[in-house]
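Hi,

Here is the structure I promised to pass on. Have a look at it first, and then read on for what turned up in it.

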Amino acid sequence: MMEVTTLAAIDIGSNAIRFLVNNIERCHGEDIYKKVAFLRVPIRLGEDVFGQGEISEIKARQLTDAMQGFSYMMKAYQVKNYLAYATSAMRDARNGNKMVQTILKNSGIEIRIITGQQEADIILEAGAVRYTADPTRNYLYMDVGGSSTEITLISGQKKIKSYSFQIGTVRMLAGKVTLQEKENYKKWLRKAYKAYAPLSIIAFGGNINKIHKLIGSNKYQTVSYVELNVLYDTLKNMTYEERMTDYKLNAYRADVIIPAMKIFLTASKICRVSELFVPKISLVDGIIHHLYTHQSGVKK
């Protein structure tokens, strides 16, 4: 007999808020994850936080409205359990904890602000190691977000070390990435390459997923460094409007895709990686997996 569990995940990031509802079907000892609903709300909390150190009244209201909507949707889908995680922007905002309390009061949704290390670990829980990693090879798992970039070094399908860099797409657009952090990023990559070469990159995030689609790769194919570099040179020399018109990019994607490519290209060049694998797994997928495997500690 098949058992079905309906779970939800909310990722409150610096560039957008993501809401995912999944059915997990357990049949003959196997768990099958099926997406029921997905919604992306482009509220750039990072713009406020990087500019003024806190979430503005306007975006606080947008975020609260979105969370109230998610609350109703979870009831409609009869969600059994959920987890709502907030990342870098909420961590850095002076009024981040206040926002958590406001949202709890208005929507009933409890938000947990997580560290960059926790964010990186949750990505690993999404099952990418099991499905994409060759145990004889070494990998860099890279999750590029709006505020930060999380990198985890994997060897023999085991985590060796990870680091969260204050380098993200929205942060770069705002000119808030320090020269020291850029150098830290490059230095960390050089050390990883020296100790574990050859390396492969497994890339995560909405931007690399879109890049994968623009290049026209099949679902399980890689994106080559050459293809990525050509696309980067093409898009960076176009205006914001041209990217939306010629490449059909949404307004929320047409600007951040440039710094995202730069982050991935830098890592690929330093680590001499010729191609990036794009498994199309994000933080919300990791949250669902984490929730399903740790249900005893979840609010019901």
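A residue is called buried when its relative accessible area is under 20%, exposed when that area is over 50%, and partly exposed in between. Arg44 has a relative accessible area of 10%, so Arg44 is buried. Before going further, do keep in mind that this is a predicted model.

One is with Asp255, where the side chains come to 2.7 Å, N to O. Which parts of the chain does that pair link? Asp255 sits in the loop between helix H12 (251-254) and H13, while Arg44 is in the loop between strand E3 (30-41) and helix H1 (45-52), so the pair links distant parts of the chain, 211 residues apart. Asp255 counts as buried too, at 18% relative accessibility.

The other partner of Arg44 is Glu47, with the closest N and O atoms 3.7 Å apart. Glu47 has a relative accessibility of 41% and therefore counts as partly exposed.

Another one of them joins the side chains of Lys236 and Asp233, at 3.8 Å from N to O. These two are three residues apart in helix H10, so about one helical turn separates them. Buried or partly exposed? Lys236, at 39% relative accessibility, is partly exposed, and so is Asp233, at 32%.

Now for the nonpolar side of things. In soluble globular proteins, nonpolar side chains tend to be buried together. Here the largest nonpolar core has 38 residues, and the ones with the most contacts inside it are Leu140, Met142, Tyr185, Leu189 and Met261. Strands E6 (138-144), E7 (149-155) and E9 (199-204) each give two or more residues to this core, as do helices H8 (179-196), H9 (206-215), H10 (225-236) and H13 (257-270). H13 gives the most, with nine residues.

Leaving out residues up to four places away in sequence, Met142 touches, among others, Ile151, Tyr185, Ile201, Phe204, Ile263 and Ala267. There is also a second, separate core of 32 residues, which includes Ala8, Phe19, Val49 and Leu63.

Next, a pair of helices to look at. How do helix H5 (residues 116-124) and helix H14 (residues 283-293) cross? Their axes come within 7 Å and cross at roughly 75°, which means that H5 is roughly perpendicular to H14. On the H5 side the contact is made by Glu119, Ile122 and Ile123, and on the H14 side by Leu283, Gly286 and Ile287. Sorted by type, the residues of this contact are four nonpolar, one polar and one charged.

Gln166 is 43 residues from Asn209 along the chain, and their C-alpha atoms are separated by 21 Å.

Best wishes

Conventions
Residues are numbered from 1 along each chain as its sequence is written. This is a predicted model: local features need pLDDT of at least 70, side-chain atom pairs count only at pLDDT 80 or more; totals for chains, interfaces and linings use all residues. Side-chain values use heavy atoms; hydrogens and water are left out. Axes are lines fitted to C-alpha atoms, for helices over the stretch in contact, and angles run from 0 to 180 degrees between N-to-C directions. Helices (H or I, at least four residues) and strands (E, at least two) are DSSP runs, numbered from the N terminus. Angles under 35 degrees count as roughly parallel, over 145 as roughly antiparallel, 65 to 115 as roughly perpendicular and the rest as oblique. Contact means heavy atoms within 4.5 Å. Ala, Val, Leu, Ile, Met, Phe, Trp, Tyr, Cys and Pro count as nonpolar, Asp, Glu, Lys and Arg as charged, and the others, Gly among them, as polar. A nonpolar core is a set of buried Ala, Val, Leu, Ile, Met, Phe, Trp, Tyr and Cys residues joined through side-chain atoms within 4.5 Å. Buried means under 20% relative accessible area, exposed over 50%, partly exposed in between (1.4 Å probe, protein chains only). A salt bridge is a side-chain nitrogen of Lys or Arg within 4 Å of a carboxyl oxygen of Asp or Glu.
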